[in-house]
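Please read it alongside the sequence and the structure.

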Amino acid sequence: MAFDVAEIRGYGYGELGNVEIAEGVVDNINSYARIVKIDELNDDKIAIDSDTAFIGKYEDFSAGNDVLIHVSAAASETKFLGRYMVAKILLAQNGLITLSKNITELISREQFEFYNLQIVTIANFKNLTIKAGAEIMPPLFNIHKLYGGILAIRCYDSLNFEGGHIDLAENGIPSNAKHLFRPLTEQETAANGESDFAKFSGRENFITATRLLLNAGDGAALIAAKNIYGNADSRIGNPKTHGAHFCRGAANSAGVKPANITNIGGSTILIAAENIYNFDEKMIAKYRNAPTKESEIGKGLCRCYIASNTPLRNDEGLYAYDVLHMPSRLEGLNVKDFGNGNFGDIVNPTKAINNYARVTAINQGGCRLTISDETVNGLTPIDEGTLIIMQVIQKNSLHVQNAGDITLAKVMSRGENYVVTDYPAPAVNLAEYAMQIISVPQFTNFTLSTNYTGTPKFDGKVGGVLALAVRNMCDISEGKLNVENKGGAPAYGKAGLEFIGNAQNCKKLPLGEGHGSVFILARTLKLSANSRVGATYSGDGTGDRLGGSNATSTNLGGGYSGAYDEEGTGSAGGYSGGGSHPAESRKGGLGGSGANGGTSTNYREFENFAVSGGYGSNGKLGGLQGAHIFAITDKIENFSQACFSTGGSGAINGAAGYGGGASDITDGGSSGWCFIFCNYS
C-alpha cells in the first residue's frame with residue numbers, strides 16, 4: 001500500500017513558524033469539534049457543535065485552516081471506522097463549515113448516522129522542537145462531546161525530537177466505555193475475541209495508511225514533516241515503554257509477553273516524512289501498559305505506518321518504508337508493463353522456465369554485458385527481444401549493500417558471448433559483487449495447480465531464481481512456486497545485518513544461501529490459502545513454528561533481526577527477531593535465540609552464521625535462510641499471508657513457518673524477505 005502525501009495536503013506552509021516546547025505537558029495543540037450533520041443539499045458543507053467545541057492554542061475553525069475529518073467511533077459498525085481525510089476550510093459561519101472536499105468521499109450520507117465523526121485542526125509549524133522534559137498530547141476522547149484522542153501536526157521543514165515525547169497513552173477512547181464506541185474491526189478479531197496475537201503478520205500496520213483507527217485506551221497521531229530528526233530517548237506513543245525488543249503482539253521469541261506490556265488498546269501512529277534522520281526503533285512505543293483492572297482492558301490493535309523516502313529497518317510493517325509520491329514508486333526497476341504475452345498461456349509447467357548467464361564485464365554505459373556459463377535448458381532463451389532481469393549477488397560478507405539490486409531490460413542484440421540491452425545494468429564493481437542475467441518468459445496467462453520445482457539450484461555462478469511475467473492472470477490458487485534449497489549464495493555476514501529488512505529491499509531481489517528467490521510480474525495474481533510462493537509450508541507458520549530458531553519444546557524463534565539488551569544481557573528475539581550476543585552491542589542473527597534469550601557463548605559461530613540462523617538454543621547454529629520474494633501486480637485476489645513462505649528450514653530436519661521454525665531441539669532457520677507492490681487487493 002503506497003501513501004500519497006498529497007492526500008494530506010503535503011507538509012503545510014509553516015504558518016505557525018518555529019515553535020519550541022521546552023518543558024511540561026501541552027495538550028492543546030489542536031482544536032476539536034463534533035460533526036453533527038452533513039448539509040442536506042451540499043456534500044461539501046457540514047455542521048459542527050460549536051457550542052461544545054474545544055479551541056486549542058494555535059488554530060481554530062476559521063476559513064483557510066486545514067482540518068482532519070475523522071470517523072472516530074461507532075457502536076457496532078466497522079466499515080468506515082478510522083477513515084479520514086484532510087481538507088481546507090473555505091468558509092465558516094454560525095457552525096456551518098464549507099470544505100474543499102466533499103465529505104461524502106469519506107462516508108456516505110446513509111452511513112453517517114451510524115458513526116461519530118470529529119473535525120480536528122492541523123497545527124502547521126515551520127519547525128517544531130520537543131525538548132527533553134516536554135510532552136505534547138491530544139486531549140482524552142470525550143465520550144459526551146465525542147471528540148479528542150487525535151494529535152495532528154505538520155512541519156514544513158523539520159520535526160525535531162530532542163528527548164521529548166508525543167504522548168498518546170490513555171488519551172484514546174476510555175477503556176471503560178469501549179463497548180459503546182469501539183467495536184473490533186475485521187482485522188482485529190480472532191477466535192478468542194481480543195487477542196494480542198490476532199494478526200501475526202504485521203499487515204494490520206499497513207491499514208493505518210487509510211484507516212487511522214482510534215483505540216480504546218491509547219490515542220492516535222497524524223504526523224507529516226519534510227524532515228524528522230529522531231532521538232533514542234524520545235517516544236511516540238507510550239513514553240513509559242519503547243519499541244525495541246517487541247514486535248507483533250509485543251511478545252518475545254518464546255511467545256512470552258512481558259507482564260506490563262500489551263498491544264490491545266495501544267497507539268495508532270501514521271507518519272509521513274521525506275527524510276528521517278537518527279531513527280531509533282525505540283521511538284515507536286505503540287504498546288500499552290497492561291491494565292490492572294478489568295475495566296481498563298483496551299480494544300483495538302496498536303499500529304504504526306511510516307511513509308518515507310528513507311529506508312528504515314522493517315519488521316513486516318512495523319516500520320513501513322514507502323515511496324511518498326506514487327509515480328516514482330517503481331523508479332529504477334524499468335518496469336513498463338506486465339509483459340507482452342508472447343509465450344501465450346501455460347498450465348502446470350515442469351521444466352525450468354528461465355535461462356541464466358553470469359555477467360563477467362559491463363561496458364557501453366552499462367548496456368553491453370559480457371556473459372559466460374549460460375544455461376540452455378530453460379523455456380526462455382537469452383536472445384534478441386527477450387526480457388531479462390539483471391541481478392546483483394554478493395560474493396562475500398564484505399560487500400552487501402548492493403546485493404539484490406535488480407533491473408529489468410530488453411535484449412536488443414545478441415552476440416556469441418555478450419548481450420546489448422535497452423537499459424543499463426545496476427552500477428556495481430564486479431570485483432566486489434557477482435551478477436547474473438535471468439531470462440523472463442512473458443505469458444498471457446499462467447496457471448499452476450501443482451508443486452513446481454523446475455528452477456535450477458544456484459551453482460555458485462548462475463541459477464536459483466524463478467521469474468515470470470504475466471500479461472493477464474497469474475493463477476496459482478492451488479499451486480506452489482517452490483524454490484526450496486535452490487539458493488547457495490554466500491551468507492551476508494555481520495555487516496549485512498543493516499541491510500536485512502523489507503524496508504531496505506523495496507527494489508531488491510536478493511539470493512540467499514538456503515532457499516532460492518521468486519520474481520512475479522503479473523496484472524492479476526490469484527491466490528488461495530493453499531497457494532505457496534517460495535516453499536511448500538505455510539507462511540503463517542506450521543503449528544507453533546512461527547519463528548527462526550527454537551528452544552526445547554518451543555519453536556517460537558526469531559526471524560531477521562533482534563535487538564541488543566541495553567542492560568548488557570542477551571535479548572530474546574521477538575516474533576520475527578533474533579537473539580543478540582550476551583556481551584556485545586550488536587544485532588542478533590537471522591533467526592536468533594528462542595527462550596534462552598541469545599545467551600549462548602558461541603560467538604565465533606554467531607559471526608560466521610549471522611545471517612543463516614544466528615544463535616540456536618543452547619549454542620546450536622541456526623538453519624539456512626528462507627526464500628526471497630518480489631512481486632509487482634495490479635491486483636491480488638484472495639490474499640493470504642499463508643501463501644508467502646519466506647521462512648527458512650531448520651538446520652536439522654526442521655519444518656518452518658513465517659520466520660523459519662525448527663523441530664523441538666534442533667536449530668532454526670532464518671526468514672527471507674518479501675516485498676509486494678500492489679495497487680489494491
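Is Phe446 buried or exposed? Phe446 is buried, and its relative accessible area is 2%. The model behind this value is predicted.

**Aromatic pairs**

A ring pair is described by the distance of the centres and the angle of the planes. In this model the count of aromatic pairs comes to 13. One of them joins Phe443 and Phe446 in a tilted arrangement. Phe443 is also buried, at 1% relative accessibility.

A second pair, Phe519 with Phe630, is stacked. Phe519 has a relative accessible area of 1% and is buried. Phe630 is buried as well, with 0% relative accessibility. Ring pairs also bring in Phe675 and Phe677, giving a cluster of Phe519, Phe630, Phe675 and Phe677.

The geometry of the two pairs is set out here.

| Pair | Type | Centre to centre | Angle between planes |
|---|---|---|---|
| Phe443 and Phe446 | tilted | 5.5 Å | 45° |
| Phe519 and Phe630 | stacked | 5.9 Å | 20° |

The labels follow from the angles: 20° is under the 30 degrees that count as stacked, so Phe519 and Phe630 take that label.

**Charges over rings**

Lys226 places its charged end over the ring of Tyr156, 4.3 Å from the centre. Over the face of Tyr418 lies Arg368, 3.9 Å from the ring centre.

Strands of a sheet pair through backbone hydrogen bonds, either parallel or antiparallel. Here six strands close into a barrel, with antiparallel pairing, in the order E3-E4-E7-E6-E5-E8. On average, neighbouring strands of this sheet are turned by 45° against each other, direction ignored. How many bridges join E3 and E4? Strand E3 (residues 32-38) and strand E4 (residues 45-48) pair over three bridges, in the antiparallel sense. Lys37 stands opposite Ala47 in E4.

**Asn215**

Asn215 is found in the loop between strand E14 (193-194) and strand E15 (220-229). Asn215 counts as buried because its relative accessibility is 0%, and the cut-off is 20%. What does its side chain reach? The side chain of Asn215 comes to 3.3 Å from the backbone oxygen of Gly300. A polar contact of 2.8 Å also links the side chains of Asn215 and Arg182. Leaving aside neighbours within four places in sequence, Asn215 is in contact with residues including Gly172, Glu188, Ser267, Lys299 and Cys302.

Note on methods. Residues numbered from 1 in each chain as written. Predicted model: local features only at pLDDT ≥ 70, side-chain atom pairs only at ≥ 80, totals over all residues. Heavy atoms only, no water. Phe/Tyr/Trp six-rings, centres within 6.5 Å; stacked < 30°, edge-to-face > 60°. Buried < 20%, exposed > 50% of the residue type's maximum accessible area, 1.4 Å probe, protein only. Lys NZ or Arg CZ within 6 Å of the ring centre and 35° of its normal. Pairing = 2+ DSSP bridges. Helix = DSSP H or I, 4+ residues; strand = E, 2+ residues; numbered from the N terminus. Axes fitted to C-alpha atoms, helices over the stretch in contact; angles between N-to-C directions. Polar contact = N/O pair within 3.5 Å; in protein donor to acceptor, adjacent residues only side chain to side chain. Contact = heavy atoms within 4.5 Å.
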